[in-house]
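Open the model in your viewer and keep the sequence panel beside it. We will start with the whole chain, then zoom in stop by stop.

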Amino acid sequence: MSSIGSASVGDKEPDIPFEMEEVGGPTCTGEVSKHDAVVCSGNSEIKSRAVVKYSAAPPPASYAVLQEKTDLKLPPANWLRENPQLGSAGTTALGSSSKSKPFSSFGMAYDFIDCIGDDVDVVSDSENIKKLLKIPYSKSHVSMAVHRVGRTLLLDELDIQELFMRSSQTGDWTWLKEFYQRLIDQKWQRKKKSKEHWYQKAILSKFLYYSINGDGAAEPVPDNLNEGDEESGAEEFSPSWPNTITSSHTDEEDSAASKQESVSMDSLFALGQVTSVPKEQNLPTLFNEGENSQGLRNDFVRNIMWTFEDIHMLVGSNMPIFGGGRYPAVSLRLRDNNKPINILTGIDYWLDNLMCNVPELVMCFHVNGIVQKYEMIKTEDIPHLENSTFSTRVVKDIAQNILSFLKSNCTKEGHTYWLFKASGSDIVKLYDLTTLCEEAEEEKCQNPFTLPVAVLLYKVASNLMLKARQNRKHNGTIRTLLLNCVKLLDQERHPQIIASAHYMLSELFQLDEPPEEDGTESLRAGGSEDSYSDEDREEEDEDLTEESDENSSYSSCSRPQDDSKAVAVIRSVGELSVPEKYKSTHQIRPSCAFPVSQDKEERCRHVLSYVLKGLKAVDGTIKKESDLPAADPNTPIPLKYEDRSATGACSAENGISLLLERAGTLQYDQKYPTRSGMIPGSWQHRMKLQLFLKASKAYYVLSDAATNLLKYGRALRYIKLSLQCYDAYCSVSGALHPQVLLFHSQCLSLCGDIQLMLAQNANNRAAYLEEYSYQTKEDQEILHSLHRESSCQAFNMATDLAMDPEYQLFVSSKCYEAAYELLVSEALKDHAADQLAQVLKRLGNIRNEMGVFYMNQSAALQTEKEVKRSVSVAEQEMWKKSFAFFEKGMKDFEAIGDKTNTALLLCNTGRLMRICAQAHCGVADDQSRGEFSPEEALYYNKAIDYYLRAMKSLANRENHPAVWDSVNWELSTTYFTLATLLQDYAPLSRKAQEQIEREVTEAMMKSLKYCDLQTESARQPLYQYRAATIHHRLASMYHSCFRNQVGDEHLRKQHRSLAELHYSKAVCLFLSLKDAPCELLRTLLERVAFAEFTMAGQSSSAAKLKSLTGALEIMTETRHAFQLIHKELLEEQIELNEQDPESAESSDLASTLTSGLNIEEVVKLIGVFEPSFSFLLLQLVKLMTTAKRKPSNKDEELLKTYKNVYSKLLRAEKNTPLLSRVMFYIELLQQLTAETGSDNKGSVS
């Protein structure tokens, strides 16, 4: 301890960066900036660390040491002038508002919202903390309100005397007054402060003012300068309020706010601006800058983050700090020399210095107001002063015990707890005022803390919401905070906070999650999924924990009989000094897991339920707050859009303009109230915009999910609701942000998808109609709210369930067109490149669908025609429509470089050309098929052009094998059809035979070129069959030419060799097919006939014999065809026997055969085979018997066999069943094959 002689007024110790404004407003971080003052106490027994988070005072100036004998009873010239050095301490020293304000902790909590709920254990005025830590030493009463938010406790003084004085005047709190008188203090009366109290206050105030100025005749500070200092101080040090949205308030809003100032407490908690910008990051806020009054401001000169041992406290302090002495900061105290310092004063001084990081205390002693001397004491020496010795470790234990006691018992968020110790009593009791209030008999028991607590819960949730954007682990906590906030408030009195809280609750559910994440994030909040899944269970858990805590930790604190109302009791304040007497075992807000549903529909339903509650809260206020009468349904309101339903349904042609009507980027000033009477720019207006948009998005997600489940009726109902929400949004919105327009284009696009699927699934129409007609009560209520703002008719055309597939396709195309128009509009042209490509793809697809629809319609008209006449007008219209849609679709796909789909559309256009060709087929006079017409040729050639363009678009098979194969097949088919028709219905009236033969050959060879025989695929057998058919047809044509050609021997030879070549290739391909026995048999028989014809033209016996032998070898190859025919007949016979043995025996196989084998064809071919076979054998026998040269043994054997076979053939029964006859032929041919030794697998060329 050292005595101080004198110091000059102007002397100043070097400034330290002690009180430093945090850049960017009050924050709460674990880091300490280099400017923050951090002083840990030197006492090894306890750890104390303080960081100044905010200070409104200038750096500490040196105090003036007053001369001895200075009379403090005389006021200095500057007395009671506002001074930044003293802050409010100078003016409040007289006691005008020396009391801690009832909501002071809330003011701090609002400022440092980042700390609340997690980082800080206690938020309070330093006076309250000192009072709590002095409980075991003091006889005075303690009365404090305790609230919890997360793991943070807010402590405020609850002045019972003032409360009951007010109760006498207003009638509020009478239930508490009665309870207090009954249980605690039966003879309650207001205690008055003594004159001594006011005398001490006055001389302290004068002493502080003398200490600033130092001059006994201090000059008054000019008023204007004082004001200037105050303003600059406010600008420099005032906290920037942490709003989630920084928004400029219009004059209109400011004036509205000023009008409401005197209305009610509600106006103090008006929501900040909820902008209509639809970015989901924007959250409504609760405070406007100038509205924090009535004790909810942070009035402290400094806010300090004080860590005392392991307890983190946000403390408000008004203690004046001065420079001077050996240290740059000291606290000044005035003491009466006649009264020794007691332990309570010592603890007071010590805690003040610890909290404010002040290393020294300067005490000025006086006797009856006359200054005697000064003494300087180090902070760490205060606990050892004479007459006021105390153990710092005990104070630490008291702090830990009180915190544990409060944390274990103040468990319910949103409840107001009352910590009370009567004057002179050793018992400390904790009551739950919220529960007592609910139990009171009075109808409405108002708790003045309800609103500040609700607002704080809201603000903490709002702050966490910003963090939740990066990390969803906060979602469970936010949900709990908001649900508790809503539970506290009355919708009639606080609709704005309730609406905003419900909107934020709806924001917690992620609607746009990628589906694959659904399974992995079910426990994203870090706890089991059912933690906190419903409020009742949460409260039960808390009640259980409370009970177990009390039984275990407070077993020594059995409650007195009359204390049944107390939540918990400390039976003796002495217990607080026992180390770890009370341990906090209650885990505040356990895991708060956010109830994540795997089901997207359930998530959307949660969102919609919150949106509906928000809308109800807003709707409930509009009638009351609007200055205008409710809108008369018969009087038109001047809106941007006219109601289309009033002018009747629009024709389908201007459907696209209807869909776009709500899509312009409107920029007009809304001067008139909306349909419901809402004033543009009001909080209701802003909130409704957010809620309408959120509902629209939820319904969109529901619709998308229903589409994926193929529930198209349900999907259409949801997209209708989504568009109705959007319609209502447009009705109240003054401008549409690009993001909203982008969302609108997605809605239209989805609507197009659904209408297309409905058109393609016409069979399930009844089920879809049932799904579409169903509606939940929630949907109806949301619709009712929408109808307050809009007729919701704008999108009826797009969302009605039609029964006509053509109309559905038309509506679908209009939806896509509207989405496209939006995306290429001025507002979105730079925002939506990806979406534009998707919409163009959909447009191309719907145009293809419509093209195919009209193409199929025209094909159906053709088949319905009984008589082949000229092409009807209806058919031509269908072709035109179909062709126009294909053309548009190709342009859409070309615009996005989609070559595959462009190829498919070219392929479809080719098919359309073939349908046109079929319609133009020539008809002879007898109604039979006429010659191949030039129109047919034209359209087939056009079809070929489109197919070739499709091939060119694809470039090669690797790009898209399936489409390439399809185009390849169609091209081959078209060439084949063209060649076949030219060959079968040759236009001999217009062209020469040779020209037609050339054209047929050319078309057949091109068809053959596109027959892909190598690639293994489902089409390979079809290609083989077609190639075989082409070779057979070409062989037949050359055969015919050879027969009919006269004169030109060279040409005949050429035709003969070509016929032989194609016959041999056809036989090879038909042999490999295994399922075309009739075609193989016919080709072989034709080939035998060709050999016979060749023989007929030969003169020498040797040449004839050679030709006949060759023909017989070809004939023996028919054995393969007969074996295949026999196999199929046998299988059919076995099948028939299994079905009905009796009928199988008697029935004629030809009439009952159901397999792919054509019995009539087989019978006809057998009719050709027998005589041809017989003729060959006869001619061979003749030639061999009449041969001039002597036959060899082999020849004799052959002749014998031929005779034998010929004999059997002649004697064969003509009426035997087909199966037996075929078996008989196989045996004969087998006999010949064995004898001649011909290669049964090869073929003669």
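Show everything first. Of the 1245 residues in the protein, 53% are buried (buried means under 20% relative accessible area, exposed over 50%, partly exposed in between, with a 1.4 Å probe and protein chains only). This is a predicted model: local features need pLDDT of at least 70, side-chain atom pairs count only at pLDDT 80 or more, and totals for chains, interfaces and linings use all residues. Residues are numbered from 1 along each chain as its sequence is written, and side-chain values use heavy atoms, with hydrogens and water left out.

Switch to cartoon. The protein has 40 helices and 14 strands. Both are DSSP runs numbered from the N terminus: helices are H or I with at least four residues, strands E with at least two. Now think about contacts (heavy atoms within 4.5 Å). Among those with a separation of 6 or more, 77% join residues 24 or more positions apart.

**Stop 1: a helix pair**

Select 993–1009, helix α30, and 1020–1044, helix α31. At what angle do α30 and α31 pack? The angle is about 160°, and the axes are 10 Å apart. Axes are lines fitted to C-alpha atoms, for helices over the stretch in contact, and angles run from 0 to 180 degrees between N-to-C directions. So α30 and α31 are roughly antiparallel, a term for angles over 145 degrees.

Show side chains. In α30, pick out Val1000, Met1004 and Leu1008, which are among the residues meeting α31. On the α31 side, the residues include Ile1030, Leu1034 and Cys1041. By class, this contact has 10 nonpolar, three polar and three charged residues. Ala, Val, Leu, Ile, Met, Phe, Trp, Tyr, Cys and Pro count as nonpolar; Asp, Glu, Lys and Arg as charged; the others, Gly among them, as polar. Stay on Cys1041: it is buried, at 6% relative accessible area.

**Stop 2: Cys792**

Select Cys792, in the loop between α22 (777–787) and α23 (796–799). Its phi is positive, about 55°, although Cys792 is not a glycine. Is Cys792 buried or exposed? Cys792 is buried, with a relative accessible area of 2%.

Look for disulfides (pairs of cysteine sulfur atoms within 2.5 Å). A search of the whole structure finds zero. For Cys792, the nearest cysteine sulfur is that of Cys725, 7.6 Å away.

**Stop 3: Asn387**

Finish at Asn387, in the loop between β11 (370–378) and α10 (392–409). Asn387 has a positive phi too, near 75°. Asn387 is exposed, at 53% relative accessibility.

Note on methods:
Parallel < 35°, antiparallel > 145°, perpendicular 65-115°, else oblique.
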